[in-house]
Amino acid sequence: MAQHMAQQRRAIWETELDEDVDPHLAIGNYGQSGHFEDAHIQQPQIDEATLTAIQQHMAQQAAFAQIPDVVKGFIVHFHQAVLENNLAEITVAYESGWNKYTEKFYSRTEWPEAEVIAPLVNDDPIFLILYRELYYRHVYSRLQPNIDDRFHSYENSCELFNYLLNSEGPVKLELPEQWLWDIIDEFIYQFQVFCTWRSKVKSKTEDELMMLAEGSQIWSSYSVLNVLYSLIQKSRINEYIHAQQAGKTAEEIAEIVGEYGQRPLYRNLGYFSLIGLLRVHTLLGDFTLALKVVENVELNQKSPFTRVTACHVATYYYVGFCYIMLRRYPDAIRTFVNILNFIMRMRQYHTRSYQYDQISKTADRMYALFAVCNALSPSRLDDNVANTSKERYGEQFAKMARGSPESIPAFEELFLYACPKFITANPPPYDDSDAIEQLTSNESGNDAVDPTHRHLNLFLADVAAQTSVPTLRSFLRLYTSLGAPKLANFLDVDEEEIVQEMMLLKQASKSVSKVPGSERGSHLDGETIATSDLNFVIAE
């Protein structure tokens with residue numbers, strides 16, 4: 001294209017010379033006569049802002065020249081596909097082209113900035129927002145974001161969601177489901193890592209402290225939750241799910257959900273925002289609310305989230321983890337068994353997915369959580385999952401299953417490995433210099449204030465109360481009747497203590513659980529059931 005334009009320019013110049021024009025007169029002999037004097041020339045005055053703009057422009061031109069031609073062609077093609085809402089071409093560019101050129105040219109460096117590639121896409125503001133979304137995702141996943149990257153990625157996300165939510169009527173943009181899930185998923189991931197980074201006051205430079213003091217609303221919990229709830233309300237996704245479950249016709253559903261809910265873009269974003277809220281509330285430690293927000297999402301193979309494997313896996317992981325923290329171990333076990341069996345069946349497909357590594361890591365964490373649940377609530381399980389879990393975590397599982405205080409480090413190890421990276425909703429008081437100075441001087445390695453260790457301590461307190469249960473259970477299995485004094489003698493404790501431990505065993509053998517076959521309804525619904533095949537009564 002550049003060669004064609006050069007030929008055009010040459011043709012125009014040649015045409016002009018064909019006319020009766022003296023080239024010497026037209027061009028002149030500036031600077032060649034002996035009459036040239038500096039004193040007669042007024043030097044142009046360039047202010048600092050103009051000079052900076054010129055320097056930026058020159059830098060962008062230099063950066064543009066460095067872009068390989070195949071990458072320029074890819075960006076032009078990608079932009080055209082987005083303009084035409086060509087989902088097939090967008091999908092190929094997004095899932096294949098972007099990753100291919102990342103590996104080839106940008107595996108250890110940033111992609112060109114949006115301002116540099118803007119001339120290739122006619123400065124299309126919407127495509128540039130989407131391009132920046134990919135640009136910052138690359139920075140977060142392959143490189144180390146600095147504070148400017150963290151602030152600018154938030155601003156770009158705000159621009160994208162503002163365009164989607166506050167335009168006049170639904171926007172005409174169409175994107176693949178996988179990309180829409182990744183937009184929500186990455187938005188929450190960047191929020192999560194920002195909260196973790198922001199909480200470490202001691203490592204901040206003076207500039208970073210000043211920027212954090214001025215940008216207190218950047219990546220605030222309120223703004224992230226507001227986006228997700230707004231997408232849910234705008235798409236009317238809960239009403240859509242209810243209407244589908246009620247067997248309404250397409251015309252009735254269209255009337256219920258309105259102009260936004262009819263469009264796949266908004267419907268998918270609304271649905272993925274439900275799963276996003278499940279994740280955010282889990283990260284903030286509100287496990288009951290996390291399950292409450294997805295009460296309309298059925299955990300089965302017909303649910304819409306199964307069309308995006310990463311979303312499918314994430315949904316089951318967070319639901320299962322919430323059940324663990326609510327001490328509903330049978331429900332957690334059932335949740336993990338369902339998804340781990342799915343991953344085993346679909347492994348051949350997953351290896352072709354660019355997200356295979358992430359799915360494998362999440363599966364490995366679920367095997368660890370499965371081992372924890374199985375130790376706390378032994379039951380007849382799926383052999384495939386149980387065997388794989390024992391292969392990977394056999395040593396820890398053996399310690400946890402034996403009980404006793406020596407099992408606590410094994411529970412702690414697996415919990416810290418497999419739990420989400422919890423965050424604190426409120427940032428340190430960066431706008432109060434005295435408070436920050438005090439925090440900086442007093443800050444220590446005390447993990448008690450760390451949200452992950454706070455949840456770990458709550459979990460281990462429950463585990464510690466049950467350390468005697470496995471031993472007691474093994475003795476009771478040997479007898480049809482047994483006197484409390486004799487049992488106390490076996491365990492080398494007094495009679496009053498053994499009765500307390502038996503009451504604890506009785507409590508540990510019960511759990512609130514969903515009734516099989518009741519996929520619909522809230523994930524918080526359930527009945528108290530016996531989780532052990534061992535039963536006993538204490539005679540007065």
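Residues are numbered from 1 along each chain as its sequence is written. In this predicted model, local features need pLDDT of at least 70 and side-chain atom pairs count only at pLDDT 80 or more, while totals for chains, interfaces and linings use all residues.

**View 1. Helix 14 crosses helix 16.** Helix 14 spans residues 264–283, and helix 16 spans residues 309–325. Helices are DSSP runs (H or I, at least four residues), numbered from the N terminus. The two axes come within 10 Å and cross at roughly 35 degrees. Axes are lines fitted to C-alpha atoms over the stretch in contact, with angles from 0 to 180 degrees between N-to-C directions. Contact residues (heavy atoms within 4.5 Å) include Phe272 and Ile275 of helix 14 and Tyr318 and Phe321 of helix 16. By class, the contact has eight nonpolar, two polar and one charged residues.

**View 2. Thr452 lies in helix 23.** This helix covers residues 451–465. Thr452 counts as buried because its relative accessibility is 12%, and buried means under 20% relative accessible area with a 1.4 Å probe, protein chains only. Not counting residues up to four places away in sequence, Thr452 touches Phe415, Leu416, Cys419, Pro420, Lys421 and Phe422.

**View 3. The lining of the largest pocket.** A pocket is an open set of points on a 1 Å grid where a 1.4 Å probe fits, with protein on both sides within 12 Å along at least five of seven lines; lining residues have an atom within 4 Å of a point. The lining holds 36 residues, and Ser141, Asp185, Glu186, Gln355 and Gln358 lie nearest the centre. Helix 9 gives the largest share, eight residues.

Note on methods. Side-chain values use heavy atoms; hydrogens and water are left out. Helices (H or I, at least four residues) and strands (E, at least two) are DSSP runs, numbered from the N terminus. A crossing is left-handed if the near helix is turned anticlockwise from the far one by less than a right angle, and right-handed if clockwise. Ala, Val, Leu, Ile, Met, Phe, Trp, Tyr, Cys and Pro count as nonpolar, Asp, Glu, Lys and Arg as charged, and the others, Gly among them, as polar. Buried means under 20% relative accessible area, exposed over 50%, partly exposed in between (1.4 Å probe, protein chains only).
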